[in-house]
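Try each task before reading its solution.

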Amino acid sequence: MDQIRPEDGLGRKRDRGGHRELQRSIQQFGVLTPITVRPAPDGSGEYLLIKGQGRTLACRILGFATIPAVVMDDTYAETEKVQQFLVENVARLKMRPVDRALLIQRARQDGEETADIANRFGVSASTVRRLLAQLDGVTTHEVKALESGEVNLAMHAVIARHVEPSDRAAVLEVIRGLKLRTKELEAVFVALGWQQLTDLGPKQFGHRIALLSWACHTLASFPSGTLRDRLRQVALGFPVDLKQEGNAFAVVAR
């Protein structure tokens, strides 16, 4: 333990609650996953800590003299070191849920096992599986919308549950800027029978997007009342037809 020091620039803030839990785990079970170090290039005989700052600190507090470690040689790539920093250190900072979700997805794509990801990010394995399922097949357009805050994870989860990947960009354009809550969007998909509309095939793509746009904008335009009452108002004004205007479709109101 006395031979280990952190890599320059790879220190992180401590999540006190999570660190106390880690201490209790190590005290009970020991260090189950070795830390990763590399020999210090200054000839001091010390080792630079690449991965495992939380485990190392916990062992120091507990008074451990040694800790299991994987020692990497000098050919260890700088890009790999940075990647470990992202997964191990950034993951436990106070960060936006979407950033954590995207890092979890990246870790899985890079071969991390679900249990290891859950441990590193301080979440349950079921949460990891749920996020991976939600982000499976996610498009660049969706990632940009998530990162920019145009859509949050909860809203994206509703879209991912109801909408085929090929239709999601268009759906995101529909809800962009609308003040709809997650349960309201969920209710719209259910009320429209979105799966049945999707089953009609790609030829009806423009029709269903136009219908969704009308329903979302109409619902968002009602300022007050319960969701049930507002959906009833949407139903009372349900369009009688759709007409094509160039490459798009517009509703024909009652």
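## Exercise 1: A pair of packed helices

The crossing of helices H12 and H13 is right-handed; keep in mind that this model is predicted.

**Solution.** 
- Sort them by class: the contact of H12 with H13 has 6 nonpolar, 1 polar and 1 charged residues.
- Next comes the geometry. Two packed helices are described by the angle between their axes and the distance between the axes.
- Here H12 spans residues 205–221 and H13 spans residues 227–236; they pack at an angle of about 130°, and their axes are 9 Å apart.

## Exercise 2: A threonine in H11

**Task.** Decide whether threonine 198 is buried or exposed, and list what threonine 198 is in contact with, leaving aside neighbours within four places in sequence.

**Solution.** 
- Locate the residue: threonine 198 lies in helix H11, residues 194–199.
- Check its accessibility: the relative accessible area of threonine 198 is 12%. Buried means under 20%, so threonine 198 is buried.
- Now look for partners: with neighbours within four places in sequence set aside, threonine 198 is in contact with Glu164 and Arg208.

## Exercise 3: Cysteines and helix H2

**Task.** Say how many disulfides a search of the whole structure finds, then determine which residues of H2 are buried.

**Solution.** 
- The search of the whole structure finds 0 disulfides.
- Cys59 leads us to helix H2, residues 53–62, whose buried residues are Gln53, Gly54, Arg55, Thr56, Ala58 and Cys59.
- Then step past the helix: H2 is followed by glycine 63, which has a positive phi near 85°.

## Exercise 4: The whole chain

**Task.** How many helices and strands are there in the chain, and what share of its residues counts as buried?

**Solution.** 
- Count the elements: the chain has 13 helices and 6 strands.
- Turn to burial: 41% of the 254 residues of the chain count as buried.
- Finish with the contacts: among those in the chain with a separation of 6 or more, 63% come from residues 24 or more positions apart.

Note on methods. Residues numbered from 1 in each chain as written. Predicted model: local features only at pLDDT ≥ 70, side-chain atom pairs only at ≥ 80, totals over all residues. Heavy atoms only, no water. Axes fitted to C-alpha atoms, helices over the stretch in contact; angles between N-to-C directions. Helix = DSSP H or I, 4+ residues; strand = E, 2+ residues; numbered from the N terminus. Left-handed = near helix turned anticlockwise from the far one by under 90°. Nonpolar A, V, L, I, M, F, W, Y, C, P; charged D, E, K, R; others polar. Buried < 20%, exposed > 50% of the residue type's maximum accessible area, 1.4 Å probe, protein only. Contact = heavy atoms within 4.5 Å. Disulfide = S-S within 2.5 Å.
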